[in-house]
Every structure is written in structure tokens, then in C-alpha cells.
Amino acid sequence: MFSVDDIQQNVPLSSFATFRIGGAAKYFLVVKTREELIKAVKWARENDLSYFVLGGGSNILISEKGFSGLVIKNESNGLKIGEMEDGKLKVKCDSGVMTAKIVFETTKLGYSGAEWGFGIPGTIGGAICGNAGRLGRETSQIVESVTMLGGDLSEKEIAKSECGFEYRSSRFKKNQEIVLGAELEFVKKSKEEINSVLNEAKEIVRQGAPFPSAGCAFKNYVVRQNDPLLLNHPDLNEKVRGGKIGVGFLIDQSGLKGRKIGGARIWEGHANYIVNAGGAKSGDVLELIKLAKEKVKEKFGIELEEEIRVIK
Ligand SMILES: Cc1cc2nc3c(=O)[nH]c(=O)nc-3n(C[C@H](O)[C@H](O)[C@H](O)COP(=O)(O)OP(=O)(O)OC[C@H]3O[C@@H](n4cnc5c(N)ncnc54)[C@H](O)[C@@H]3O)c2cc1C
């Protein structure tokens, strides 16, 4: 268990964020177990400090001003592969386990459910918080239950149905509740079926941006019934996939591909990626976010919603 002496001060955060942008944390602590994670939150509360849990830092933008409270770097890494029964496999894990480890351990045993997540950086806690997904699949599909730390500092286990999962969101993204661990379930599939999805995910990684980023800057656009966007732009009907339109296409159509502000750039390869092409400041990224929102609103009449969380 950590002691107060283990809490570091003025720790630069840029190397803990895939964007490679950001100032320092006033207080910074690495936790290795759930118990330490809980203790760290209690310490922050007792000292009247704001806090946030940092997983792999792959879905955040940290301001140069840094963070004036406690950053809790979650490296809790307990992982228990359960019994394989009736074609199902249960996995219990701490929230600091890397998503890549879950993908590796389950696919190796011939179980399906996480193979689409190959190449998604970060922790399973971050993936549950943002309901990370790709290839039409998402984290909520493998979650059976979550052990969480509530706002009242009570620890409880909640079912998937109570997690408030939505497209790239969950109850954990909307409040200060913390994912301590989860029980996940996987199903037996043939090697060919698993490899086919794994290979699709590998192809996405192969085509990824050659610059630091935090993945997609915006959520894709969810199409509603009688959506004015499609009524006003019927040509977009052919762009609807799984009830959504890729926002990268809309940003591209708004003429922003390759647009630079300072060291940040809307990536030419996929316009929903804002990249740090060298020495970008958080303000550069925020200005590109603002510009993309304005131009897409002007051209298509819709509001883009950020997928990344801004830490300031
Ligand atoms: C190259 C690249 C590709 C990507 N591809 C995809 C993709 O295909 N699909 C996709 O969905 N995302 C993608 N992402 C975004 C990102 O990797 C995922 O959202 C990832 O699951 C975030 O996990 P993390 O641990 O890095 O979270 P962090 O960035 O550390 O944190 C994100 C948010 O989650 C909160 N959080 C983290 N851990 C916990 C916890 N235990 N309890 C409560 N809150 C917590 C943080 O406080 C923060 O608000 C990509 C990112 C990059 C850089």
C-alpha cells in the first residue's frame, strides 16, 4: 500500500498521454491495486483536491496548464481467467489491465469478444468508461458486471444493465464514479472466425496515423428517424453504416483535411483524427476542434460531439 511520501509533485503529464501534449500534475500517484486506487481517491477527497483516473491516456487532451489536483495513474493489473464452460469463458480483471492483454489472453484460448479491440491503446477501465469500439462492436458487449467506487466512496458490483452504456459513453464518463474492475464474458469460436476480425483490426492499425493523437476527436454522427441531415443531404444515405455517418467524411467535405493550426493538424488520412504533427499545444488542438465544429455546422447543420475528454 502506498504512503503519502509516494505521492509525487509537479509531474509532467505529456509522456502519459498518447497526444504527447500537456502540463504537469500538481500531485501524481501510481496505484498498483484496487485497494490503492480506493485509498488514493479517499486521500484526494480528504484533502479537498480534484482528481481523475488516468489509464493509458489515449482518449484525453491535457492542457498545458496541467492539472491542479491528484492524477491517479491506474496500473492495477489483477487478471483471473475463469473456467471454460458451455463454450463460455469468464474473465475477472482490475480496471488497470491493458485492453491489449485481454485481447491477447482470450484470443489465444480461442475465445471471441475482444478481437476487434486489437490495437486500441489503453486500459480496460478506460475502454469501459468510454465504451470503446470499432468494426461495429463495442466494449459493453463483453461486460457482465462492473465493480465500481461510487461518489459516496462505497464499493459495489453493478450489472451491465446498470452501467448506462451508450455509443462511446457510460455512466462512468458522466460522473466521478470509478471502475475498479469488471467481469467479462467471451464465447468459443473457430480460429478462422477470430482471425478474420483480428485481421480487420490489424489492417486499421496498419493504416493508422503516423503521428501522436488520441484516436477519433469526435463521436460519429448517429442518424435519427426522419433526420434533417439526410433530408437535406440525400447523398449521405449511402454513407450510413450501422446507423451512423463517419464524421471524418463530414469534416473532409467541409474542406478541412490537412488544415493546420500551430503544431496540430487534421490528418489527411482520416479527418476525424487530429494529430500532433510536432510541438502541438492543447490550444492548437482545441482551435481545430472549434473550427471543425463550426464548419460542419455551417455545411451540414449538425453539432459534432467530442469523443476525447479535455483535462484542465
Ligand atoms: C491510435 C489510437 C487509436 C484508437 N482507436 C480507437 C478505436 O478504434 N475505438 C475507440 O473506441 N477508441 C479508440 N481510441 C481511443 C482510446 O484508445 C480508447 O478510448 C481507450 O479505451 C481509452 O482508454 P485509456 O485507458 O487510455 O483511457 P484514458 O485516456 O486514460 O482516460 C479516458 C477517460 O476515461 C476515464 N477513465 C480511465 N480509467 C477509468 C476508470 N478505471 N474508471 C473511471 N474512469 C476511467 C479517464 O478519467 C478519462 O476521462 C484510440 C486512440 C488512439 C491513440
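Which element supplies the largest share of the shell around the ligand? In this predicted model, that share comes from helix α3, which contributes 4 residues.

The chain is divided into three parts: domain 1 spans residues 4-74, domain 2 spans residues 79-206, and domain 3 spans residues 221-311. Between the C-alpha centres of domain 1 and domain 2 the distance is 23 Å.

An open sheet is formed by 4 strands, arranged in the order β1-β2-β5-β3, with mixed pairing. From one strand to the next, the twist averages 40 degrees. In general, the strands of a sheet pair through backbone hydrogen bonds, in either a parallel or an antiparallel sense. The parallel sense applies to β2 (residues 24-31) and β5 (residues 67-74), which are joined over 6 bridges. Within this arrangement, Tyr27 is positioned opposite Leu70 of β5. Helix α1, comprising residues 34-46, lies across β2, β3 and β5. The direction of α1 is at about 170 degrees to that of β5.

Helix α1 also takes part in the contact between domains. On the side of domain 1, 12 residues are in contact with 16 residues of domain 2. The largest share of this side of domain 1 is provided by α1, with 5 residues. Classified by residue type, the side of domain 1 that touches domain 2 consists of 4 nonpolar, 6 polar and 2 charged residues.

The ligand is surrounded by 32 residues, of which the closest are Gly55, Gly122, Gly125, Gly126 and Gly215. By class, this shell has 17 polar, 13 nonpolar and 2 charged residues. At least two residues of the shell are supplied by each of β3, α3 (124-129), β9 (133-134) and β13 (178-188).

Key
Residues numbered from 1 in each chain as written. Predicted model: local features only at pLDDT ≥ 70, side-chain atom pairs only at ≥ 80, totals over all residues. Pairing = 2+ DSSP bridges. Axes fitted to C-alpha atoms, helices over the stretch in contact; angles between N-to-C directions. Contact = placed C-beta atoms within 7 Å. Domains from an automatic or database assignment. Nonpolar A, V, L, I, M, F, W, Y, C, P; charged D, E, K, R; others polar. Near = placed C-beta within 6 Å.
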